[in-house]
Every structure is written in C-alpha cells, then in structure tokens.
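Student: I would like to learn how to read a structure like this one. Please show it to me.

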Amino acid sequence: MIGFILRRVVQLAPVLLGVTILAFLLVNLLPGNMALAMLGPDASADAVAHLTEQLGLNQPIWLRYLHWLGSALTGNLGWSIVQAEPVAPTILQRFPVTVEIILLGQAIGVILAVPGAVAAAMRPNGWIDRALGLLAYSAIATPRFLLGLLLILGFAVYWQLFPSTGFQPLSAGLMGNLRSVALPAATIGALEFAVYFQVLRSEMLRNLTEDYVLAARAKGLSRLQAVLRHVLRNSIVALVTIIGLGFGPLVSGAVIVESLFSLPGIGDLLVTSIYNRDAVMVQGVVVVVAATVVLVNLAVDVIHVLLDPRIRIDVG
Amino acid sequence: MRAASDQPDLLEVRGLVQEFRRPRHLPFAPPRVLHAVSDVSFKLQAGECLGLVGETGCGKSTLARAIMQAPPPVRGQVRFQGQDLVGLSRTELRQARRGMQYVFQDPYSSLDPTWRVRELVAEPMRTAGGFGRQQVDARVDEVLQLVGLPADRYASRRPRELSGGQCQRVAVARALTLSPKLLICDEVVSGLDVSVQAQLLNLFETLRRDLGLAYLFISHDLGVVRHLCDRVAVMYLGKVVETGPAERVYAHPQHPYTAALLAAVPRIGNGRSGARPAWARLSGELPSPLAPPSGCRFRTRCPRATARCAAEEPPLLANEVDHAAACHFPLLAPATEAAAPKRAAAMVQDRA
Amino acid sequence: MSASASVPVRRRLRLAFLHTDEAWVWGIVLGLMLLACYLGPIVFALPGPDDTDFGNVLAPIGTTGHLLGTDGLGRDLLSRCLYGGRVSLTVSIGAVALGMAAGSSLGILAGYRGGWVDAIVSRCLDVVFAFPGLVLALTVASYLGPSLQNVMFAIAFYTVPAYARVARSATLRVREQNFVRAAEMFGASGTRIGVRHILPNVLSLVLTYAFVLIGVAMVIEAGLSFLGLGVPPPQPSWGQLIAMGKQDISDAPHVALVPGAFLFLTIAAFNRLGDVLQARHG
C-alpha cells in the first residue's frame, strides 16, 4: 500500500515538472513581445526596453524558467506589474470563492444524482429513468454560460429570488453569502448532476445483474433494500472516482461561471489577467490550477485503492 | 546404410530459458523475475509429432513462442534445420524460420476481422515477398482445398462469417502456404466442440500423412495428445519432467506428476469410487513461477518427496530406452494400486 | 371483416417511430444544420448579418422580414445565427480534424511501439491533460491573437491529446490480439502491421469519437467566444451572439436564446449521434 503511494508519487514528479514547463512555455513562448503587450502599443521604445530589462525578458528562456521555478518553489510566483500586486497572495485570496462554488456545485450534483440514480435503477427504462436521462442529456449539451443565463432569466429576472451578479463573502453573513452563490453553484451543479447521474446509473445497473443481488433478494430483502444496502455501496466507488477526476472540467466551468456572475474567484482572475495581458499573473494562475489538478488526481487514485479492495490485491 | 539417428534433427532445443521481469513493489527493491521456462532441451525429427502437455501456467505456450523467437529466449539455443535461430536479425529470421509455422489457440483472435479469407491466407506469402500475384492466388486456392474449405465458397468471407472450426482451418491453411516442415499448434482444439475437435484432428492426421509435416502439439488435454502424437513431453512449472513415446508414457508413467495427471482424467464406467491411490494424489497449489521451489520443483505437491528432493534438482534421465523422467524416485514398474507403495518404498531403500 | 383488416394509422406511425434508427434521425438533423449554416444564407435571400435596421430593434420572433427577430441594433437574428453557425462549426470541426490526424497517429505510434516511446508520449499527455480544456484554449488563443485559425489551433491543443489518448488505448487493445502476433511471426515490419492491421481495426473507434469530440469542441469554442476571446467580430459565432444578447436578457430574451437554441441543438445532435455510433461500433 505504501509502496503504491510511493510509486504514484514518483510517477507524478515528472508530470508536475512538465506542468510547470508547459505553463511557462505557453505564456512565454508564444509570439509577441511581452513587454510591449503589457505596456500597450503606444509605449515608447525606452519604456519597453526598460521593462524588458526589468523583467529579465532578454535572458535565454531556460534561464528565465529556472529563475521562475526557483522562486515558485519557495512560494513566490512573481509580481504582477499590471495589477501592482504579488501573484501568489492574490491567487490565495481568490481561491476560497472558487472552492466554495465548486464544492457547492458538486454537493448539489451529488444530492440530486444519488436519489435520481437509485430511482432510475429501480425501474430501468421506466418514466423516471427516461425523464431524468433526458434531463441529464440536455444539461450536458448546454454550455454552462447558457445554462447560467437561463437560470438568471428564471430566478433573478422573472422570479427575483437571487442576485444575478456580485459576491457576498461569508464575513458579511451566511444567508447573503449563500444567496449570492446559489445561482452559480446551481449552474455548476446541473452539469455535475448530469454526469454523476449517468455514471451512477450505469454502474448500478451493471451491479444489479451480479449474483450477490440475487442472493440478497433470496434472503428476503425488497428490491429497494437490496439496492440501497448493497448495490449503492459498490457503485459509490465509481462515483467517487468521477467526482475526483472531474476537477479539471470543473475549473473550466468555474471560469465561465465566475465571469458570468461576476464572482471574484480564480477563474475571473484568469480572464481579467488575460484581458490585461498580465503574463506573470496568467502564468501563476495556470500553473497553480494544473498542479492542483495533478494532486487531486493523485488523491483520487489513493482513495480509489482504499475503497476498492480488489485493486489492492493487484497493487500489493 | 544410413541409420535413422544419422538424420539431422528438424528441431533441437538446448537449454532454453525464458524469463520475464515484473514491476517491483518498491522503487529500490530487487527485481522480480518470472521464470517461465527453465533449461528445457528436446529434439524433434522430421515427420514426428511431439505432444507437449502440462497444467495451465506450466510454460508450454511460452516455450512455443520462445522457439518462434517471439520474444526470443533469454538463454539457450533453438536449432531449426541445423541453424540456430536465437540472435538472428529480423530479415535473417524471416528466412530461417520459413519452414516453421505457428497456429494459435483462439481461432477468432488470430484472424484480423477486417480482412477476408483470401487475404488472410495469402499474408505469409505477401509478407515474405517474391511471389507473383497469380502464384499467390493459385497457392491460396490449393491450401484452402487441402483444409476442406473450397476457395470459391470461402475465399471472400470474413472471419465473423465462419464458425470456430472453420476459422482454425483458415489459420492452418495460412500456415501451410509456405510449405513448412514444422507446425507448432498451441492448444488449437481447446475451446472447440468435441465433434469439431475430431474433424480438426483428422485434418492434422491427413496433412501429416500427405505432406510429411512434423508437429509440436501443445495441449492440456491428454486424450487429444494421445490420439495424435508419437512422443510426448510433460512440463511442470517451466521444466520438462518426462519425455517418451506416447503410448509408453501413458501406460507406464515414470514421473509422479505424469501419473497424477493421468489418474485425474475422469473415466466413465470403471467401477472406481473416484478415490485415487496415494501415490497419484496431488496436494497443494501450483507454486508461483516468481519463486519456484528449490531442488525438484514438484516436491511441494509430491506425496513421495524427501529431503533429497529439496536439496538436489533431479536431472532428466532415461530410465528406459528413449523414456526419461526428472525424478529421484521414478515409478519404474507398472503402476497398480497394491504394488506401487511397496515398490516405491523398495526404490527409496535402494537409492538411499 | 376480412382477415387483412387495416392497421390503424396511429399504430403504424408508432411502429415506424420505434423502428427508426436513432442515428439516422440525428444525422439528418446535423445534415440540415450544416446545410442551413453553410448554404442557407446563399439560397434564401436573407438580410446580411451586419445589416442594421434601426426601425426594427429588438423585434420579436415572427416579425415580417425577420423570421427569428432582431437584436439591439436591428440585425436579423436568423441571418446572424446561420453565419454564426458557420464559424462555430468550422472552428470545431477543423479542430477535431486536426486532432484526428495528428492525435491518432501519435496515439497509434505510442500504443504499438510501446517501450520508451510510449512512456514519453504518455507522460506528455498526462501533462497536457492537467490543464483544463478551456484554460488551455484561453491561454493559447489569447496569446496567438484573435482569428479563426488561431482559435481552431488553440482548441486543437485539447483535441490532439484527447485523440491521442483514445487512439492509444484502442491500439493497445488491438495489439494484444493474436493476429498481430501472427503478422510479427511472418516477419512483417512495424509499419506494415500498423497500416494494414492496427489502423483498420481502430478506424471505427476513431471515426465515431469524432462526433463526441466535436460536441466538446463546440462547448469550448462557445465558452471562448462568450468570454470575448474567441473569433473576433465582425464574424459572429454562437457564443458571441449569446454574450451580446446577455445585456438585453430582461427585455428581449430571444436575442440570447435563439442562438442558444441553435447551439444546444447542434451540440446535442453531435453528442447523441456520437454516443449511438460508439455503442454500436466502438
């Protein structure tokens, strides 16, 4: 078990390194003079030259990468000239907002998906199953911003229940905070529900054909009891894996949702930094996001092995 | 006058060793090696049929593949028609190996489902190169006829339109196109219905008679091997434990493992209650090829094992003419229930 | 009553409905959408997508001369949606075509060769996949500068690895088959095996995956456009149209919802067609 974790960590190191390299190259290798882009087309040649010198942009790229990596490992992700703030603290400050809507969204997704999948698996191809399936399908085909707009239209414009923009931090009161994140979280939750529902449903249907279900029924359990007590527990593993692996797409969703609802999270930071041509900030955000995805995947792998004893035997 | 033993062997395997590396548990732990085939040697004459039997996992298929150099063995020699195949380059190997063909167990997976029968059968010729289009077509028709699948009806079909038995015939036809001297058949009738098995075995007999083919016939089914093969070699955990003429080995096995295998074959209407004599009962499970037992590998399941069996590995010795076994205490007399324990005890005393 | 009493019409319709192949239905939907977007503006004399009509601002659906209404500047929505479809479809299909060509080749190579080639490719794929699709596309698109080709290329950063991963796993499965071993035993070279055995057997998977991936690419493209970082105006794309309609959402929701409906329908059709085909041929 420990060996498995160690092996995974060792496998992960080159990936993490690769992530930093790719993040750095994406921002620094693409055409266009960075200093010029940052200062705008009207900047004087002197100003551009000065900035280039200051940022060390005339050094060879691998040297710049190593400098950046070195400071990044000590927690310093650089200074954003455009926004006149240090990168790492800004990211850290915005993290909680993104985390909140992501976690709430996943919670909504799970709360809706689990009973839905149970109901669907109880009567496959019954009307509940078909209706939920159709709903899930439609949610997947709808881009998040469109879904968000629909929700705004329904709940913020028509029935004025929730605000359509703006964020209220927890410090200003729980109710206010929850109201301000309700629609964004619901936008994310709808898609999560769709994915979880599909996965859970197919996993449960697969498990239902296994022999132990027949044995449980023969013992006298009702269909519902058999499903709840045995099938659900075995299907949870697949669900946990999906929840964990969906972290990457969730960040994409957060980017859209934060822009749409004007929430001060990481996604919004990324978009505004791109608008402002703030290369240093973009670099920092991108590398933090990617590194988090890698670490979350590792955690999911480990949890997966912990939950599913069958894998443990192979893994030794 | 030339004696039969002056003829060069068609196939001679010497000291063949095949091992595989397995991933380590921890990054710096010692490497784990799977000993699939350990020091196997045997000879096969032209036109002869040698059966290779043993439990699943004993290394028969790995041995066969190693003979084909796919992948080549870690150590040892494989002399086919006098030439050692080990270490040859791909082009050299293609030329040297032409007389040797391989037929797989699963009829469907050995035929590309997107190809038609004609293309499938023609593949060896096309890959070898040097044949004209008409030559290839003519030969394909010829071999399809040989296996009983007339070209006009079968050549343009795809594998999914054929039954399992027909697919195996296509695989055999494909193997015959380059006029091989040796056919390696790896469990080719396992998984087929008994009636289909019989048809295929008859085909093998016919081909052998008409074309003078030699076979290396791998099977876990002792009955099939007895029917078809002149000689038989018994494998256990990567080693050959007994070789000899098929009839002789079946009637009077020398190695306890062979005896146990034979006794395990269910027989109908024999009046036995099913209890096997003590010397023929297998106990325990197959040890892992990652860590084979010291000395005689069979000792952990052998009811006759002694300390010597753990200390010293028994070599393959001919206890009768052309009939050898790798055992310190081989069963040298006709095995009857009453006599065996006494004779075994006597032999133990003799050798002690 | 004769033995061959006529089957009631409703029942016949229902039977026909049940027997229709779902793949054909979605295929026809997509075909119509493609025809409409690429040929529609030429065939039907519609007002241009940028033709303003200040007398008819925010006209509702069904106004004469503007079948689907107009936006805040009086521009015809139907025309804008069809032209927008051209952009969205071209970018998505183009990005996936790039992915199919480059990604599948990479995946098949890695899957068949194995060893260190596979190890390197897989590690690189892991690295790229750590970046969420939209984030990757955003970063690339913004720094390449806004243009149709650049957006296509930016989305290809996602589709190439996605295809490589799928092609690789398909190749690994095929590689284990005995007919590949047999070909190796006949002495066939790697190239010969790759082209004549591996490719035909992964082809169906590669082709059916295209549909699902196009659906994903459209979502990414729409997201980019919505954020204003996609294909630049005056070429409208569906995502942009929706973004522009956002400000009028309270007074005239149809300005955002009509392109939304187009987008939704197309993505749903690609997804569903892809799923059905994959289930059948994957």
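This is a predicted model: local features need pLDDT of at least 70, side-chain atom pairs count only at pLDDT 80 or more; totals for chains, interfaces and linings use all residues.

Tutor: Residues are numbered from 1 along each chain as its sequence is written, and chains are lettered from A and ligands numbered from 1 in the order in which they are written.

Student: How many helices and strands are there in chain A?

Tutor: Helices (H or I, at least four residues) and strands (E, at least two) are DSSP runs, numbered from the N terminus. Chain A has 14 helices and two strands. Its C-alpha trace spans about 85 × 55 × 35 Å along the principal axes.

Student: What share of the residues of chain A count as buried?

Tutor: A residue is buried if 20 or more other C-beta atoms, placed from the backbone, lie within 10 Å of its own. In chain A, 36% of the 316 residues count as buried.

Student: Into which domains is chain A divided?

Tutor: Domain bounds come from an automatic or database domain assignment. Here they give domain 1 (2-87) and domain 2 (89-315) of chain A. Over C-alpha atoms, the centres of these two domains are 32 Å apart. Two residues are in contact if their C-beta atoms, placed from the backbone, lie within 7 Å. The contact takes 24 residues from domain 1 of chain A and 22 residues from domain 2 of chain A. On the side of domain 1, α1(A) gives the most, with 12 residues.

Student: At what angle do α3 and α4 of chain B pack?

Tutor: Axes are lines fitted to C-alpha atoms, for helices over the stretch in contact, and angles run from 0 to 180 degrees between N-to-C directions. Helix α3 (117-128) and helix α4 (133-146) of chain B pack at about 120°, with axes 10 Å apart. That makes α3(B) oblique to α4(B), because angles under 35 degrees count as roughly parallel, over 145 as roughly antiparallel, 65 to 115 as roughly perpendicular and the rest as oblique. Among the residues that meet are V121(B) in α3(B) and V140(B) in α4(B).

Student: How many residues does the contact take from chain C and from chain B?

Tutor: It takes 14 residues from chain C and 17 residues from chain B. On the side of chain C, the largest share, seven residues, comes from α7(C).

Technical notes:
A residue is buried if 20 or more other C-beta atoms lie within 10 Å of its own, exposed if 12 or fewer, and partly exposed in between; C-beta atoms are placed from the backbone.
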